[in-house]
Structures are given as C-alpha cells and as structure tokens.
Amino acid sequence: MAEKHFKYVILGGGVSAGYAAREFAKQGVKPGELAIISKEAVAPYERPALSKAYLFPEGAARLPGFHVCVGSGGERLLPEWYKEKGIELILGTEIVKADLASKTLISAAGETFKYHILIIATGSTVIRLTDFRVEGADAKNILYLREIDDADKLIDVIKAKKNGKAVIVGGGYIGLELSAVMKINNLDVCMVYPEPWCMPRLFTAGIAAFYEGYYANKGIKIIKGTVAVGFTSDANGEVKEVKLKDGRVLEADIVVVGVGGRPLTTLFKGQVEEEKGGIKTDEFFKTSVPDVYAVGDVATFPLKLYNEIRRVEHVDHARKSAEQAVKAIKASEEGKSVEEYDYLPYFYSRAFDLSWQFYGDNVGETVLFGDNNPASPKAKFGTYWIKDGKVVGAFLEGGTPEENTAIAKVARLQPAVENLDQLTNEGLTFACKI
Ligand code: FDA
Ligand code: NAD
C-alpha cells in the first residue's frame with residue numbers, strides 16, 4: 001500500500017485537532033502540508049454538545065451545526081473549509097501503530113503515514129464496567145458516551161425504550177448531564193454513585209446539595225454511597241436490572257455509565273515520557289521526543305499559575321493547548337519563540353435551566369454565598385476557595401456573562417482576603433469589585 005507523507009500530522013480528529021487546524025490556517029499552512037487522521041467519520045466538532053443539545057427530544061443539535069469552532073464563538077469549519085485550505089481530513093481511520101523513531105503511523109487498514117511533525121490529539125476513552133469485570137456488564141443497552149456514534153446509539157435506545165426506566169451509573173459530569181437529558185426525554189431516571197455527594201472532584205457538599213435538591217425536584221431519584229456490582233438481562237440479552245452493592249436491585253431499560261475517562265496514550269507507551277497518566281510536555285506542548293507534540297486531554301503540562309504539572313480534561317484547555325502548540329511550531333520554524341502557556345483552569349456545565357462556571361483551583365477553605373435553595377425560581381449562588389489568605393478558585397451558578405468574567409478575574413488575580421466572613425457577606429460583589 002502506498003505511503004502518504006505530510007509535513008504535519010494531527011493524530012485524532014476531536015476538539016484540539018479542529019482548533020489546531022484553524023491556527024495552522026491562520027499561520028499560513030500550505031496546501032498538502034497538513035493532515036488530520038481520525039477514527040471518527042466526521043470532521044472535528046464541539047464534543048460538549050453530545051451530552052446536551054444533541055440528545056434533546058426536540059430541536060436537537062445536529063452536524064454540521066456544531067463543528068468547531070462555534071463553541072467558542074468562532075468560525076464553523078465545515079468539511080469544505082479543510083478542502084479549500086488544502087488540509088487533508090483522513091476520516092474513519094484508526095491508527096493502530098505509532099513508531100515515533102521512524103516517524104511512521106500505521107492504520108487498521110494497513111495504510112502508512114509519515115510525518116515531519118506530529119501532534120498527538122487522541123483525547124480520552126471511557127472507563128468501562130467490563131474493565132472491572134462487573135457481572136453482566138456486557139448486556140445490550142448498557143451505554144457509554146464519548147463520540148458521536150455513541151450518542152447516535154443512545155438516541156436509538158431512547159426511542160426504542162420510550163418512557164422507560166433509565167439508571168445512570170456515576171455522579172460526575174456525564175452522570176449529571178445525562179440524568180438531566182434522559183429526564184427531558186421523559187424517562188424515569190435513577191442516578192447511582194459511590195460518593196457522599198455528586199461531582200466530588202470539584203463540588204463541595206454545599207454546592208452538591210443544590211444540584212441534588214434540584215434534580216430530586218425534577219423527579220430524579222438519587223442513590224448515593226453504593227455502586228453497581230452486576231446486571232441481569234432478558235432473553236434478548238437486553239439489560240433488565242442493576243444490582244447494587246448494598247443489596248438493592250433497580251429495574252432498568254437503559255443504563256448509561258459515566259465512571260470516568262482514560263487518556264489515550266497506549267500507542268506511545270515506552271516511546272515518550274509520561275506523567276500523571278498523560279504525555280509529559282513543556283509549556284509549548286512539546287513532548288520528550290523531538291518533533292512530537294501532545295495537546296488536549298492527553299497532555300500533562302506545566303500549569304504556571306500553580307507551579308505544578310497537570311492534566312486537564314476539559315474543552316477550553318483542548319482549544320487553547322492546540323492553538324499554543326501550533327503557534328510554537330510555526331514560531332520555531334522562523335527561529336522565533338512564543339510566550340509560555342499560562343493557563344487559568346476553566347470548567348463549565350449546563351443541564352436543565354442550570355449553568356455553572358468554575359475558574360482556578362479548588363483547594364483550601366471554602367465560602368458559600370448567595371441563594372442556593374433548589375426550589376428558588378432563579379437561584380444564584382457560588383463558592384470561593386481560599387488558600388494562604390488568597391482567593392484561588394471561584395464557582396458560580398446562574399451568573400451573567402459579566403459576573404462570570406468577574407469570577408474568572410478573581411481566580412486569575414488571587415486577591416487577598418482579611419477574613420472569610422467578608423467573603424460570605426459580600427458574595428458576588430467581592431468579585432465584581434475586583
Ligand atoms: P477529543 O476526545 O475531543 O478527540 C480525540 C479524537 O481522537 C477523537 O476523534 C478520537 O476518535 C480520535 N482518536 C483517538 N485515538 C485514535 C486513533 N488511534 N486513531 C485515530 N483517531 C483516534 N468539557 C467541558 O469543559 N465542558 C463540557 O461541557 C464538556 N462536555 C463533554 C461532553 C462529553 C459527552 C464528553 C465526552 C466530553 C465533554 N467535555 C466537556 C470534555 C471535552 O470534550 C474534552 O476535554 C475535549 O474534547 C478533549 O479534546 P481532545 O481533542 O483532547 O480529545
Ligand atoms: P468523572 O470523573 O467526572 O466522574 C466519574 C464518576 O463516577 C465519579 O463520581 C466517580 O466516583 C464515579 N464512579 C467511579 N466508579 C464508579 C462505579 N463503579 N459505580 C458508580 N460510580 C462510579 O467522569 P465522567 O463523568 O465519566 O466524564 C468522562 C470524561 O468526560 C471526563 O474527562 C470529563 O471531564 C468529560 N466530560 C466533561 C464534561 C464537562 O466538563 N461539562 C461533561 C461531560 C464529560
């Protein structure tokens with residue numbers, strides 16, 4: 001089979017790949033120089049849509065509506081855009097072998113791709129219950145969500161099991177967003193997770209109490225402090241029941257599992273330095289191997305603000321790290337340099353009529369402010385994280401764009417606070433004054 005050569009190859013066709021392609025175009029990439037190789041059959045799109053509007057029963061988001069870069073208010077890159085720029089989109093193509101020493105990638109179909117510079121943008125995959133050998137976890141209608149094909153499968157099952165029972169396993173991002181959208185689809189929803197409150201990676205007990213109350217008011221049942229240890233299925237092999245560790249048994253027509261992600265680094269094991277589960281990079285997303293960069297979910301990079309190296313599994317960083325890597329590549333070709341990456345962590349979520357944003361670091365003491373009564377018609381509340389006398393993180397539910405900008409500024413500037421009562425009393429005003 002013929003070999004294909006490119007100056008630049010982006011491996012992966014998700015969020016980072018799309019934003020990297022836009023940056024390459026801005027920097028004047030020449031036709032034929034750049035290829036994106038993706039396992040998915042569609043051009044890069046805004047992945048966050050999959051757990052939100054893509055699953056709505058009415059007025060659902062569909063491609064080409066949410067190709068990158070609409071998620072950040074940018075130009076929508078349709079497949080024609082790549083053609084016009086001479087960027088080759090090699091879709092439906094899984095790379096199964098990567099040899100960084102000989103700069104070669106090999107696809108499942110046996111094609112060979114050679115590059116001068118490689119950007120690894122393979123993102124994450126889901127952790128499956130079959131990975132832990134949970135009994136019966138391979139039954140039909142036990143579903144995961146990462147890619148558009150997974151979302152399409154989910155839609156088919158939602159239609160087939162109209163008004164049925166859905167059990168959501170996991171209380172993280174997928175758990176909270178999917179429980180909401182399944183409820184909007186008129187399913188009878190029950191969430192199960194092991195922790196004492198939802199989203200413990202980020203939420204304090206006070207923040208979580210609001211969402212749990214709001215979900216309960218919507219009719220979603222929440223079972224905490226236990227896990228799914230087995231599933232039974234019917235004669236068709238379709239899931240019928242979820243067995244919990246505490247002995248309870250839940251009826252289920254659909255199970256959606258969101259028990260975390262795992263960065264896709266396996267192709268490069270032993271060839272590149274890794275840290276904290278990801279591929280280690282510098283502030284320009286260069287890896288330990290010359291001419292190889294890693295961006296998005298797979299990169300473990302220096303987070304300058306906290307003088308630490310971290311991996312971030314969120315879309316804002318996927319976009320910005322991709323742009324940074326491309327700027328650094330193009331600058332180094334001209335013997336120039338770019339400023340080092342100075343990232344302020346930013347996470348967000350939306351479900352029902354709710355919308356929150358978080359900036360900074362969730363470490364230290366916390367202060368909860370505002371109206372966090374889940375029954376309030378327009379609840380607006382937030383939390384500050386305070387470390388060494390400085391505000392280092394801020395969370396806000398129901399903020400206006402200006403208020404969200406204000407909490408971002410607080411997290412970036414880290415103002416000192418005299419005492420925590422001042423923050424409790426001033427609440428959002430504290431951020432808006434900065
Ligand atoms: P991404 O996963 O986007 O892309 C990786 C690409 O590589 C995929 O196209 C994959 O098929 C391809 N690939 C992998 N291995 C390959 C191989 N061997 N050969 C070829 N192709 C290969 N974040 C946030 O901040 N707010 C939000 O609301 C959401 N919502 C959200 C919903 C859902 C359902 C998911 C799954 C994730 C989110 N996220 C999010 C997280 C965010 O989407 C995520 O951090 C970025 O998509 C990461 O971008 P990457 O480009 O690193 O990976
Ligand atoms: P997560 O890490 O956010 O949450 C996983 C949850 O599952 C945790 O509450 C965990 O304790 C729980 N859990 C672990 N084992 C369990 C078990 N055996 N039974 C029941 N619960 C168990 O991961 P996720 O929600 O699966 O999300 C996957 C990826 O997608 C992440 O990278 C996430 O950042 C991304 N994502 C982000 C957003 C967003 O930023 N708004 C939305 C959707 C997905």
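The structure is a predicted model, in which local features need pLDDT of at least 70, side-chain atom pairs count only at pLDDT 80 or more, and totals for chains, interfaces and linings use all residues. Residues are numbered from 1 along each chain as its sequence is written, chains are lettered from A and ligands numbered from 1 in the order in which they are written, and side-chain values use heavy atoms, with hydrogens and water left out.

**Domains**

- The protein chain is assigned domain 1 (3-125 + 262-334), domain 2 (129-259) and domain 3 (353-433), with bounds taken from an automatic or database domain assignment.
- Between the C-alpha centres of domain 2 and domain 3 the distance is 30 Å.

**Ligand 1**

- Ligand 1 is surrounded by 34 residues, the closest being Glu40, Arg47, Lys52, Glu147 and Asp297; a residue is near a molecule if one of its heavy atoms lies within 4 Å of it.
- Because domain 1 and domain 2 both give residues to the shell around ligand 1, this ligand lies between them.
- The shell comprises 13 nonpolar, 11 polar and 10 charged residues, with Ala, Val, Leu, Ile, Met, Phe, Trp, Tyr, Cys and Pro counted as nonpolar, Asp, Glu, Lys and Arg as charged, and the others, Gly among them, as polar.
- A polar side-chain atom of Arg47 is 2.8 Å from an oxygen atom of ligand 1, and an N or O atom in the side chain of Arg146 is 2.8 Å from an oxygen atom of the ligand.
- On its own ligand 1 exposes 990 Å², of which the protein buries 95%; accessible areas come from the Shrake-Rupley method with a 1.4 Å probe.

**Ligand 2**

- Around ligand 2 there are 19 residues, and Ile174, Glu177, Glu195, Gly260 and Glu313 come nearest.
- By class, this shell holds 7 nonpolar, 7 polar and 5 charged residues.
- A polar backbone atom of Ile174 lies 2.8 Å from an oxygen atom of ligand 2, while a polar side-chain atom of Glu177 lies 2.8 Å from a nitrogen atom of the ligand.
- A polar side-chain atom of His314 is 3.0 Å from an oxygen atom of ligand 2.
- Of the 850 Å² of accessible area that ligand 2 has on its own, the protein covers 82%.

Terms used:
A polar contact is a pair of N or O atoms within 3.5 Å; within protein, one must be able to donate a hydrogen and the other to accept it, and residues adjacent in sequence count only if both atoms are side-chain atoms.
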